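Here are a few notes to read with the structure open beside you. Take them one at a time and find each residue as you go.

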Amino acid sequence: MKDRLLTTIDFLKSRGVTYADIRYVRTTTENIKLTNETVDTLSRDLDQGFGIRVLADGAWGFASSAICTLGEMRKVAGRALAIAKASALVKTHDVTLAPLVPATGRFETPVTLDPFKVPLSKKLELLSFVNRVLRRDRKIQVAEASMDFFRTEKIFASTEGALIEQVLTESGAGYTATAVDSGEVQRRSYPNSHRGDYGTGGYELIERMNLKDEAERVREEAVALLTAPVCPSGSRDIVIGASQMALQVHESCGHPAELDRVLGTEVSLAGGSFLTVDQLGKLRYGSRLVNIVADATTPEGLGTFGYDDEGVPAQRTDLVREGVFVGYLTSRETAPVIDRTSNGTMRADRWNRIPLIRMTNINLEPGSVSFDDLLADSDGALFLDTNNSWSIDDRRLNFQFGVEAAWEIKGGRKGQLYKNALYTGITPEFWNACDAICNRDHWHVWGVPNCGKGQPMQVARVAHGAAPARFRQITVGVSR
């Protein structure tokens, strides 16, 4: 395959293109889901093909195919070149790429237990056990448990001389209990909502999740929520659990820091951003405790890889340092706008999509306090846990998040349980209200397997390191 890619690159060089790259991508996916002890999803899919980007006459062209012969690659290369030349007829400016030392190398996700070699019977037994435990109360009307595994093999070559091979393995699992009684519906999830938690690695990640050990607690909390009082509204101190903090980072920092969104070249799905370039290095985004980084090298993060889909090495970049907004997620095309080089965030959803700026691991760095000490210092605050819903405006400023459960903190412990809790805020005001973040003992990298962006829609797998954190005087509301 490498020879075919390099021959195609030579062909494009002979046609005088400014730049071109070719990606071969082969993806294996396994999805398993049990609902009420019945298998409702069981699939293993294989998908492969290649995509070619060409920069000619100052404009991009892209074409792709699932037929991976040399003849097809040459034909598709010609089509991408023709599209670039046609695009140049309506360009507003020439595309300029940030300089890059072309890389040659190989990256492979460290894997202890290959998830595609673990017997299906073992996976089904685990999910069935969880289903049975969740359904031991008749009020649990729906018990869902799932596992997903991905293996992506990539070869990238460019006219600049890059030649990179990668094998990325990703694993995840989770479950949800939905309780129903007297017209009330409540749910609890583990280890996170929206199909659970994910990371780069093998089946060892699933074994570390302790899925069996938490099922009884999840069932009991789902049932308890049915009769719990509605969360009182008002202005309250809140302590947000780590998994909900991950989504908070995703929506109110990760997306607004995408430089293509800021520049208006990608706004079709979720709008623009309040983090305009005039605020770089100036905006007080949060309190001095708030440090947020984009780190594609985080061990086991779902946004961890060796190189992005432009061949830029994985790296760590400050986005917010001591509360000041200092960095964007960039590509080779957008980085020159702010006089920087790419920090390696361009990724495509499979072979037939052009790369976009995507989050890697956008991590809220840990603070210094233990979770027990934080609760002991937060009498009267609410502890909010596990995302249930979210809404944010198209500049990523005004947001509302609902959570599965809330507890009033009394005497350093979680006390009264509340249902239907939500909180709202304006992004910089919210982050400036942060006055405590738990230490690394409580920090975890939460995988988000379904981040959507682009038109046509592309799905990316990203992650967020986060620990529980406290915010002062946040508006807390209720929903029914």
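1. Start with a pair that is tucked away: Glu258 and Arg261 are both buried. Keep in mind that this is a predicted model. The two residues form a salt bridge, with their closest N and O atoms 2.9 Å apart.

2. Glu258 has another partner too, as a salt bridge links Glu258 with Lys453, closest N and O atoms 3.1 Å apart. Glu258 sits in the loop between α6 (242-254) and α7 (259-263), while Lys453 belongs to strand β21 (residues 444-453), so this pair ties together parts that are 195 residues apart in sequence. How buried are these two? Glu258 has a relative accessible area of 0%, and Lys453 has 1%, so Lys453 counts as buried because the cut-off is under 20%.

3. Salt bridges can also chain up. Arg187, Arg188, Glu214, Arg217, Glu221, Asp385 and Glu404 are joined into one network through shared partners.

4. How many salt bridges turn up in the whole structure? The search finds 46. One of them joins the side chains of Lys2 and Glu165, at 3.2 Å from N to O. Lys2 is in helix α1 (residues 2-14) and Glu165 is in strand β6, so the bridge ties together parts 163 residues apart in sequence. Lys2 is partly exposed at 34% relative accessibility, and Glu165 is partly exposed at 23%.

5. Now look at helix α3 (residues 120-134), whose 15 residues reach 21 Å from first C-alpha to last, close to the 21 Å expected. Its buried residues include Leu124, Leu127 and Val130. Among the elements covering the buried residues of α3 are β1 (19-35), β5 (140-158) and α5 (211-227).

Definitions and conventions
Residues are numbered from 1 along each chain as its sequence is written. This is a predicted model: local features need pLDDT of at least 70, side-chain atom pairs count only at pLDDT 80 or more; totals for chains, interfaces and linings use all residues. Side-chain values use heavy atoms; hydrogens and water are left out. Helices (H or I, at least four residues) and strands (E, at least two) are DSSP runs, numbered from the N terminus. The expected span of a helix is 1.5 Å times one less than its number of residues. Buried means under 20% relative accessible area, exposed over 50%, partly exposed in between (1.4 Å probe, protein chains only). Contact means heavy atoms within 4.5 Å. A salt bridge is a side-chain nitrogen of Lys or Arg within 4 Å of a carboxyl oxygen of Asp or Glu.
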